[in-house]
Each structure stands twice: as structure tokens, then as C-alpha cells.
Amino acid sequence: MLAEPVARDIAEAQAERLRAAWATPKGWRYVTAVNNTEVGKWYCLTALVFMLLAGVMALIIRLQLAVPENDLVSADRFNQLFTMHGSAMMFLFAVPMFEAISILLLPGMLGARDMPFPRLSAFGYWCFLIGGIFVIGSIFFNVAPRAGWFMYPPLATMDEGPGSDIWLLGLSFIEVASIAAAVELIVGTLKCRPPGMRVNIMPLYAWYVLVVGGMILFAFPPLIAGDFLFELERSFDWPFFDPTRGGDPMLWQHLFWIFGHPEVYIIFLPSIAIAAMVVPTVARRPMFGYSWIVLSAVGTGFLSFGLWVHHMFTTGLPSISLGFFSAASEAVVIPTGIQIFAFLATLLVGRVRMTLPMLWISGALAIFTMGGLTGVMLALAPFDFQAHDTYFIVAHLHYTLFGGMVFPVIAGVYYFFPFIQKRLMSERLGRWAFWLTFSGFNLCFLPMHLTGLLGMPRRVYTYPTGLGWDWLNLISTVGAFVIAAGFSVFVWDLIRPKHRQPQIPRNPWDAGTLEWTHDVPEEAWGVRSIPHVSTRYPLWDEPQMLDRIDAGRYYLPDAQEGKRETLVTSVIDAVPVQVQRVTGPTWITLWAAGFTGGAFIFPTFHWYPPAILCGVLAICCIIGWLWTATAQVPEADSKDAGLGLSLPTYAAGPASVGWWAMWITMLGDATAFASLVFGFFFYWTASPDFPPAGALHPEARLVGLAALAFAANWALTVGARWLNRRSHVGGARLCLIVAPLAAAGGATALVWSVLSLDPTSHVYPAIHWALAVWVAVHAGAGVIMQFYCLAGSIFGKLTPRYDADIWNVSLFWHFVTLSALVTCAVLGLAPEAL
Amino acid sequence: MTEGNKTRREDQEEFAEARASLMKITLGPLIWALHFVCCYGVVAVTCAKGWDYGTVRAGLLIFSAGALGGIAVVGWAAWRQWDVSHTADPVNRLGRAEDRYHFLGHAAFLLSIISAIGVVFVTLPLVLIGGCQ
């Protein structure tokens, strides 16, 4: 069937329909585009601009430190600069850049038309843009956060001015976007692979995306929980981190670093994943030790969660506790080393061409190895005691992040630029940029090891002369400007007009993976027809594949109904299971992001009424978006997907991508909730007066009532799904009317049970309040979802046959009911047990 | 039905997607994570609340031995699934069901080795450090 030629006129008509369905909006409507190629480009460019701004801040920092007793900037301005430099590089560049690049490249590598939820990507991007401008813009008004990028209390909680709130609320907003992207990328990797691409032959990049997406789900929520507590302290004086009222600043450090250390690997792994795509291409042979790379990615993902206390070696924890983290920090070197050796082995056995991307990868490996070696030193607690908070740390972290992230990403830009822009970047400028950046980097950061060992602390805005630091600092400053020169060359090469360049070859590096089947000149449809894949490097192993894709001989060569569609396959073996309709251009995501931004930004200035209004409008926008675009009743149950395959057009429950997205989101949400419960027990461990003598406890009977109400709500919600599927629509609707009442009753009872407790008096009532508020807010969201399903049932969007919405809502309630019951147990039983 | 057909059907059954799970390859690291959290959590509470460190240490050492035993079981099962001595194919680069099956075994096997090393590393402080100082 594959070999059958498609008649020319049919193929052209198909291509024309596909082109129309996937057309990118023109003119001012361009901003409504949701296609991964457009959103991915905006995302990358925005992250690049934030990176350059944070780089300029670094240059000012280096200028201030160039000579002793300098007064170029004030101490306060300097504090804002280093806080924003770190925060912006981490939250506005490194993590978003991973998401940006993955959104841009992953569908191409998987031969998918787009990500499963294009509007979610667009929403995430607009949230990122608004939040990023808000956070980074604060420095122009002299109100930027200034307590260091990790915002340690009590300095950050007691800091006057809106700086800390800008950090907390602005970055929480961006973290929401990060989690949205993680959900998108995980579901995309698991469910949108081309037929036949079993897990053992998917591109290594996809493995890394899967691991990193999973890590984001477990690493970001503890920080969101920490932000929640932190902001409650800043806004309402609930003393979570105030030791005079039973709080403990160490809880923030734990929550921050449970996020902060995995985050280093969240940045590093996807960048090294780019190396895993470049290395086989330049070596002209398959990756040596595919399973070993998978081992290394998964192993690093796990072990990186056992390292967080190595940022807290000097906080006075028992030495045996330090021992556990020191040991795990040394253990993580093994999987990290394995992937480097796998790359080297591939290069050794291959016939390497030293292309520009490979040059940058070589620089990355050299610099990262240096950073890794100082990491091995710092993982030893006694050495860390000496080097802690000195420039030795600054040198170490820049070696790991430049080598582990910046260099591989630039290699990726050179490597994938023909795929992204259908042009080539300049070989000559690229080599200039590399040597300037590489030498500038070492000139800047190598001396800092010595500066640190000579005792210069981090974050000081100036220093006296005569301590042996003068000339080292001067060299570092010169190096910083050489790096800046290298970046200028790189950025110029990136943005300079390339119209006069002749059309590039389609696969300029002669690579073997699917993204290089892209169309030159560009087509917005992603791939003309979705191929069947049977090897790891299909373009090397099946030379006829490209012609067949172009001729539309594989799956989904047409868009008969004029709708955007992509193929959904099974998780392990990529067996085609569904034709998924994906969403197209829209304004609604911009509105939703704008109002969500308002809901996060207004509270920074304690303007609560507009914040609440924005929150309500954001919810309305999101409901409108879901109602009009997701889980639509299709015009036919199944359709021809090409090659004689007929596939369903609608899926509900575990077969649908929406159910997976809900599952993954709720896993992250459950992690945040677990962090709050961890906080409760942390206070009990760390403090002798928890609960304080004579403290009031939550009203046990009300807590019991809440537990019953939540259990009833759960049974009714699941019952509604069950009845609906068995065509008892009336019974299902009745359940969906009673269930929200039960949920609202449960939430009211829970809040009522803590109403007599004063959350500002001590951390014990405050943490009860925090748990009750958390559950009540989730119950509110769940009630909205139940009414959404009820409305769906009444207006024909939710039927016994097409019931995806109620599956997702009952999944949401599985998680929320569990957290409600845990909360009830903590509130009702813990006072007895402690 | 010929015997050849029967074997093929059994093969298909053995390698069926329904019997495979991506989560299985993380069993080893999950044991490591559980062991790590228990060691850290129990010792932190012991030191904060002044419980008897000697007893807790003995208990955790036994627990560590159990964790290593668990990883050994996972690793052995994974080794059997990889089945490299039988297939003589350590790479499994093709897109057939049995390649995917052996590959998942290989990945799980390598991950159980890393997990075992991790458990040994994390157990060392229990062996070497005698108290909460």
C-alpha cells in the first residue's frame, strides 16, 4: 500500500486542504497563533532577551567589583542587581528556554503536527511574557527584589518595599506556566509519537524531556507551596518563618532547595539532550550506549532529589544528616559521568566532522567537566564549610551552568537553526563567537576559584584593597566583557537579515532523525504525512521515507474536514489509537493570560479588589476556551487516517490526552500539598513548642463533618460518571447538583473548624489555616468543574458516549478528596497524637 | 495450527504492551528514594527528639540490607528480561516488540545497579558516623 503512488491532483488537493487548516494568521492577528513553531520561536526569543538583560546586570556587577572600594552603584542597587541576575537567569532564561526549545523541536522529532494542547503552550508563553516583564521591569523602578535569588527569610520576609512580593508572585505566576509546559511536553512525548516509535527507538531528546518533565512535577510544587506560605506571611503576618512565634526559616530553605537542586538538573539534562542529538550526527553513527544514556537520564533525575541539603551544609544540621546528602551528591556523579563517556565513546568510534555545533559541544564538555570536578569537592561537607558563600561557589556554579546549559543550548541554536528558520548561520561568525565566549568565560571564572579560596565572600558590593583580591577581580571583569563580545557576535549572527542566502538543503547536517524531514521552504503543517517509524535513525535506515512523506503516502495526509489533527498513539509501543483534533489560533489565551497576570500582579501592591476581579475574569476566559474548543462532540465516530486505518475521533478516560494532562497536573498539585503537610511535621520535629502549651485546636466535630461531606462528594462525582456512561442521564445530573453542595459544605466545615484559631498568633494555628485554605480553594475549583459537566450534560456537550469531561473531573476529585481527607486527619487527629 | 505459529503467538503475548510499563524501570530508583527518605527522616527526628540513636541505627542498617535485597530482586528480574545471553543483542536498536521488551529489561537492570550503589553510599554515613553531633 505504501508503494502505491498517489495521483498528482489528489495529492495537491490534500496538501492545499492541509495548508489551509494549518495556516498561520497574518498581520496583527499573528499574535493569535498557537502553532508550536510560532509559540516556540516567541518563547525562545523572549527568554533570550531576558538572558541578555540579566547579562547586562552581570556586567554592571563586574564593573562595580573591578577595583576595590568602587562606588559605581550603591549597596542597595548592587543587591537588586545580583538578586535579579540570579533570578532572571534561572526563572526567566534557563527553565523557560528548555520549554521553549522543546515546544519548538519536539513535534518535529516525533513527526507530530503539533503538541497535544497548542493553546496551553500559547497561554503558558503569554503568562511567561507578562510575568517576566513584571519581574525584570522592577529593576528600572528601583524596587527589585534584593534578598538574593533564594530569598532567605527572615531577611526577605522582613524586607520593606514590594521587592520580595514581586519575586514571589511574579515567579509563582511563571512557575504555573512552567508546569503547564511540563504537562504539555510529557503528554506530547507519551502520546504523540509516530506509529511504530516504541520507547526503545524514540530520540534520546524525548527521553530527556520525559525525565525533565517528571522532575518539574516534583521539584516546582514544593517551591509553590513555599511561596504560598511566604506570601501569607508577607501579606497577612502568618508567622511561618518567624522564630519568635514558633516559625522556622529553615523550612523555607528546605522547600527552596528541594526545588533548587533538582532545578539545576532540570536545566542541565535538556541541554545535554541537545548534545545527544548533535553527537551522533557529527560522528555519523548511532549513539553508542542508547540504554546507558537512558539509565543516566533517569538515574540523574532520581538522585538529583537527594542533594538539596548540600546547599545547607553550614546551617547546623546533625553531621549524620549532612552525611546522607554528601553521599548522594557523590553518587549522582556516576550517571552524569556515564552520559559524558557515552558521548566520548560515540565520537571516538565515529568519523567526526568538527562542525560549528560540535565545536560548542566540545566547549560545553570541557567546561562542564571542570564544574563537575569542583562539584565533587564541594559535595564533601568539610570542604564546603571552608568554601561556602565565597567566590569559589560562584565559579563552580557558573562552570556547571555555562558548560551544562549555555554552551549546549548555543550548539543547539547553530544545529537547529536550519530547521527553525530555514537558513544557515555563519560559520565564520560562529567560530569568532565561540572562541570569544570560551576564552572570556575562563578568563572571568577560572580566577574566581582563587578569589574564593582567598576568602572573598559572595554578594559583597565592594571590598578593601590589599587582600590579594584586586587583580583577580580585575581579570574577571575583563573576562566578563570578552564573554559579552562573544555573545554580541552570536546575537548579531542570529538576528542579522539572511534574505539573500540561497535556499538551504533540507538536511544540511545529514542527520538521521525525523525533524530533518521538515519542508524547505517552510510549511506550517509540521509534517506532510505522519510516517511509520521502525528504527532509531529513520532517515539513515530508510532512504525512501522522505519521498513517501512528501507524497502523502503515510498517515493523515489530508484534512478533509478542514480541522487541525494529529495522531495519538499508545504510550509504550506507539500503536495508533486516535485522531486528535487540536486547537487553532485564538485571542482567548491572551485574555486568559492577561487576567491571570492581573490576579498575580495586583496583590503585590495589596490591591485586592482588582486582583479578585482579574481572577474571576481569568476563570471565565478559561471556561469559555474549554467549552468552545476541547472535547467537542465529533461529526463522526471514526475517520480514515490513511493506509487503510480507521481511528476514533474522540476518546475519554485514560485513552484521551486530556485525562493524562489532568493526571500529571494533579500529581504536581499533590506534591505541593505534600510539601505543606511536610511543613506541619517539620515544625513538630524542629520546635519544642509545637503545639504550644494551651493552644486551641481545630473543632474536631466540624473536621469529622468535613471528611464525611468530602467523601460523599467523591461518591456522587464518581457516581455521576458511572450513571452517565450507563445512559442514566437524569441520575447523573442529580448527582452533579448534589455533589457541589456536599463539596461546598465540606469546605465550609473545614474552614469553620479553624475559625476560632488566630493564625497570626503562632505557627500552629497558621499551618492549620493554610491547609484548610488550600483544600477550600481546590474544592472551589472542583465545584466549578462539576457545574461545567452539568452544563455540558444539559447542552449536549457531555453525553453517555462523549464523556471525557466527567472522566477528567472525577480524576481531579480523586486527588482533591485524598488531600481533603489527609487534611482532616492532620487537623482532627494530630492534636491528639502530638 | 503449526508449532511455529503457536510460538509466535506466545511471543506476542509475552511482549504485549499491556504487560509492559515504563514505571517498572524506575522500581530500583524508587527503592533508593524510599531508603533515602527513611534514613534522612528517621535520623532527623531521632536527633531532634533525642530518641536512642543506637537502636535507630541498627534498625536502619537492617532496612538498608532489605533495600539492597529488594533492588537485587528487581535487578535479577530485569536481567532475565534483558536476556542478553540468549538474544546476544545488547543494543536492541530495532523497532520490534521483543526489542522494546529486552530494552526495558536492560534499562531497568542498569538502573538497579545505580540504585544499589546509591543505597550503599547513603548507608555509609550510618556505618561511619556514630551519633547526632
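The questions and answers below concern aromatic contacts, charges over rings, cysteines and one annotated span in a predicted model.

Me: What is the angle between the planes of A:Tyr537 and A:Trp540, and how is their aromatic pair classed?
Reply: Over all chains the structure holds 83 aromatic pairs, and the one formed by A:Tyr537 and A:Trp540 has a centre-to-centre distance of 4.9 Å. Planes under 30 degrees apart count as stacked. The pair of A:Tyr537 and A:Trp540 is therefore stacked, with an angle between the planes of 20°.

Me: Which helices of chain A are tied together by the pair of A:Trp627 and A:Tyr788?
Reply: The ring centres of A:Trp627 and A:Tyr788 lie 5.5 Å apart with their planes at 90°, so this pair is edge-to-face. The parts it ties together are 161 residues apart in sequence, because A:Trp627 belongs to residues 608-629 and A:Tyr788 to residues 763-794. The helices are H20 and H24.

Me: Which residue has its charged end over the ring of A:Trp807?
Reply: A charge sits over a ring if, among other conditions, it is within 6 Å of the ring centre. At A:Trp627 the residue lying over the face is A:Lys797, at 5.9 Å from the ring centre. At A:Trp807 the distance from the ring centre is 4.0 Å, and the residue whose charged end sits there is A:Arg721.

Me: How far apart are the C-alpha atoms of A:Arg726 and A:Thr37?
Reply: A:Arg726 lies in the loop between helix H22 (700-725) and helix H23 (729-753) of chain A, and at 43% relative accessibility A:Arg726 counts as partly exposed. Along the chain A:Arg726 and A:Thr37 are 689 residues apart. Their C-alpha atoms are separated by 42 Å.

Me: Which cysteines are joined by a disulfide, and what is the handedness of the link?
Reply: A disulfide is a covalent bond between the sulfur atoms of two cysteines. The count over all chains is 1 disulfide, which joins B:Cys47 to B:Cys132 with an S to S distance of 2.0 Å. With -80° about the S-S bond, the link of B:Cys47 and B:Cys132 is left-handed.

Me: Where in chain B do B:Cys47 and B:Cys132 lie?
Reply: The two cysteines are 85 residues apart, and the pair links distant parts of the chain. B:Cys132, at 30% relative accessibility, counts as partly exposed. B:Cys47 lies in helix H2 (residues 27-49), and B:Cys132 lies in the segment after helix H5 (97-128).

Me: How far from A:Cys192 is the nearest cysteine sulfur?
Reply: A:Cys192 counts as buried, at 3% relative accessibility, and is in no disulfide. The nearest cysteine sulfur belongs to A:Cys44, at a distance of 20 Å.

Me: How far apart are the end C-alpha atoms of residues 16-534 of chain A?
Reply: The unreviewed UniProt entry annotates residues 16-534 of chain A as "domain: Cytochrome oxidase subunit I profile". In the model this span is 67% helix and 0% strand. Its end C-alpha atoms lie apart by 29 Å.

Methods: Residues are numbered from 1 along each chain as its sequence is written. Chains are lettered from A and ligands numbered from 1 in the order in which they are written. This is a predicted model: local features need pLDDT of at least 70, side-chain atom pairs count only at pLDDT 80 or more; totals for chains, interfaces and linings use all residues. Side-chain values use heavy atoms; hydrogens and water are left out. Rings of Phe, Tyr and Trp (its six-membered ring) pair if their centres lie within 6.5 Å; planes under 30 degrees apart count as stacked, over 60 as edge-to-face and the rest as tilted. Helices (H or I, at least four residues) and strands (E, at least two) are DSSP runs, numbered from the N terminus. A charge sits over a ring if NZ of Lys or CZ of Arg is within 6 Å of the ring centre and within 35 degrees of the ring normal. Buried means under 20% relative accessible area, exposed over 50%, partly exposed in between (1.4 Å probe, protein chains only). A disulfide is a pair of cysteine sulfur atoms within 2.5 Å. UniProt positions are given in the numbering used here, feature names are shortened, and annotations may be inferred rather than shown by experiment.
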